[in-house]
Amino acid sequence: MPQKKHYPAIKYTSRDFNTIKHDLVEYARRYYSNTYKDFSEAGFGSMMLDTVAYVGDILSFYLDYEVNESFLDTAIEYNNVLRLGRQMGFHFKGVPVSSGLVSLYIIIPANSAGDGPDPNYIPILRKGSIFSSADGVAFTLNEDLNFADPDNQQAVARVEPDDGNILSYAIKTVGQVISGRVYEEKVIVGDFQKFLSVSLSALNISEIVSVEDSLGNEYYEVDYLSQDVVYRSVANRDSNKIKTTSALRPFAVPRRFTAELLGDNTILQFGFGSEKEVTTDPLVDPSQIILNVHAKDYVSDVSFDPSNLISTDKFGVAPSNTTLTVTYRANTTSYVNVSTDGLSTVVEPRFDFEDPTVLNGAKVTDVVNSLEVSNEEPIVGDATIPSINELKERIQNVFASQNRAVTALDYKSLCYTMPPQYGSIKRINVIKDPGSLKRNLNIFVLSEDVNGSFIQTNSTIKDNLKSWLNQGRMINDTLDILDAKIINIGIEFDAVSTMEASPYEVLSQVVASLSIYYDRKFEIGEPFYIGEIFSHINKMPGIIDVTRVKIVQKTGLGYANQVSFNIDTNMSADGRYIEVPDNAVLEIKYPDSDIKGSIR
């Protein structure tokens with residue numbers, strides 16, 4: 001009778017160094033008891049077992065790490081979270097911009113009668129003029145400004161001291177600026193490559209303005225490579241062209257790309273097709289780009305052309321054997337918010353005079369040099385990048401919203417995905433208007449100032465957000481974009497330390513630890529849990545017990561002072577948390593001074 005083969009008992013649940021080594025020792029004792037008997041810590045065999053256990057521990061760690069980084073809930077690496085987000089339809093497009101209104105002043109010589117500025121010397125300040133703040137943040141004028149506009153304010157600037165005759169007038173106008181400057185980069189592309197990726201060299205890119213090849217073919221940015229129709233602004237030739245100068249028209253775009261921020265680099269991703277697939281007319285009739293569906297003769301979504309489900313251009317045409325000219329807008333610094341009166345330097349003005357050949361050169365130079373700029377309100381829009389937890393939440397909301405806004409979370413997701421060239425919102429809360437009998441929604445928003453503190457969102461970003469939300473909202477929803485109230489608070493505490501600990505050192509460590517713990521932005525309407533303070537302080541070394549914690553509202557110079565908030569009234573019955581209204585947010589603005597305590 002053949003002898004039954006014996007299989008060694010292997011424990012597959014051992015994963016760390018100690019358990020692996022223990023199992024190896026037991027294995028050697030059982031199966032190699034006649035050949036190896038030295039199990040002392042100083043022996044050569046112990047070194048070999050340590051080496052095997054060491055390798056096993058490392059392999060186990062990296063196995064766990066790879067598995068964790070493969071799922072959104074457990075991933076902790078920022079770039080891995082972004083990659084997982086792309087699989088779920090989330091696109092991290094890049095650096096937000098700041099935008100706002102600036103006041104521009106210019107001095108114009110008086111006319112011969114002295115009763116007004118000389119119209120020949122009143123210029124047009126062209127779009128693309130550059131201004132700068134004291135910190136080196138560059139801003140670009142986003143529109144043409146005509147100083148001859150009758151709505152502009154005028155005032156006497158200089159008079160003749162002897163006879164009082166008026167020498168010049170000052171004219172004030174208001175224009176919109178956006179952070180960053182426009183740059184151009186040449187990219188040489190070789191032989192045809194499927195799904196060509198192009199990495200741009202510049203950092204802090206906020207917007208791709210245009211992409212053209214050496215033959216003059218233009219490539220258009222789309223949200224997804226399957227989107228083959230975009231809307232472009234064209235000159236309006238109809239009878240109402242005076243009131244409406246431009247009109248939107250749908251265009252088929254076989255040449256297209258997506259842009260996404262990966263780490264510090266902006267990546268342009270092109271499609272799978274080649275030049276042979278370009279057979280589409282450049283102008284598309286909206287009534288012809290949908291499937292034959294009864295009772296529906298209009299385009300409801302421009303994400304892709306459903307008539308191309310069988311005949312396709314393979315996600316767009318990729319360039320080959322050419323030179324791409326990529327024009328983009330990039331911020332000059334990593335943080336581009338500017339406080340009131342922070343924008344004060346004219347760097348590169350672009351003036352146009354009606355007929356400069358008949359003007360006095362010295363007077364023209366005086367007019368050009370007299371231009372001054374100032375911002376009467378903070379210019380905001382830039383926001384710190386979301387934390388990993390915030391990023392995960394936004395990815396899940398984007399996946400659930402499916403490019404439409406039905407629920408409050410859908411609207412929040414749509415607000416956070418507004419393209420960066422329109423500005424950025426730091427915090428959003430969407431609630432149903434309790435005083436409305438219809439489906440009116442109140443959207444409360446906040447931005448960040450130059451120091452990263454909450455500030456009210458300016459009107460420019462609100463207008464952009466309104467236009468952005470209009471494309472995805474339900475047809476019977478009405479939206480009001482409002483400012484959330486900011487409530488600045490401070491923390492006061494008393495604690496007892498151990499006998500051997502230094503109260504001063506323990507206090508410094510507790511305050512520093514709480515400052516780091518609350519170095520985050522609360523959500524609008526998020527309650528404040530006092531129990532977290534007790535728990536956090538009690539875990540600190542040298543602390544025996546926390547005897548008192550008090551939350552106080554901070555007011556005065558440097559604080560919001562927007563609303564009087566009664567903390568005692570909003571305290572829960574058990575004293576564990578503070579309720580916050582849906583239109584307000586708590587903020588510990590200056591953690592180093594707003595967190596105070598005593599140790600005894």
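Ser-129 counts as buried because its relative accessibility is 0%, where buried means under 20% relative accessible area, exposed over 50% and partly exposed in between, with a 1.4 Å probe and protein chains only. The model is predicted, so that local features need pLDDT of at least 70 and side-chain atom pairs count only at pLDDT 80 or more, whereas totals for chains, interfaces and linings use all residues. Residues are numbered from 1 along each chain as its sequence is written, and side-chain values use heavy atoms, with hydrogens and water left out.

Ser-129 lies in the loop between strand 2 (124-125) and strand 3 (130-133); strands (E, at least two residues) and helices (H or I, at least four) are DSSP runs, numbered from the N terminus. The side chain of Ser-129 reaches the backbone oxygen of Arg-126 at 2.9 Å and the backbone nitrogen of Arg-350 at 3.0 Å. Beyond its neighbours within four places in sequence, Ser-129 is in contact (heavy atoms within 4.5 Å) with Phe-139, Thr-140, Leu-141, Glu-348, Pro-349 and Arg-350.

Asn-152, located in the loop between strand 5 (145-146) and strand 6 (153-159), counts as buried at 14% relative accessibility. The side chain of Asn-152 reaches the backbone oxygen of Phe-147 at 3.2 Å, and, with neighbours within four places in sequence left aside, the contacts of Asn-152 are Asn-146, Phe-147, Ile-171, Lys-172 and Thr-173.

As for helix packing, Tyr-78, Val-81, Leu-82 and Gly-85 in helix 3 meet Ile-388, Leu-391, Lys-392 and Ile-395 in helix 5. By class, this contact of helix 3 with helix 5 has six nonpolar residues, one polar and one charged.

How values were computed
A polar contact is a pair of N or O atoms within 3.5 Å; within protein, one must be able to donate a hydrogen and the other to accept it, and residues adjacent in sequence count only if both atoms are side-chain atoms. Ala, Val, Leu, Ile, Met, Phe, Trp, Tyr, Cys and Pro count as nonpolar, Asp, Glu, Lys and Arg as charged, and the others, Gly among them, as polar.
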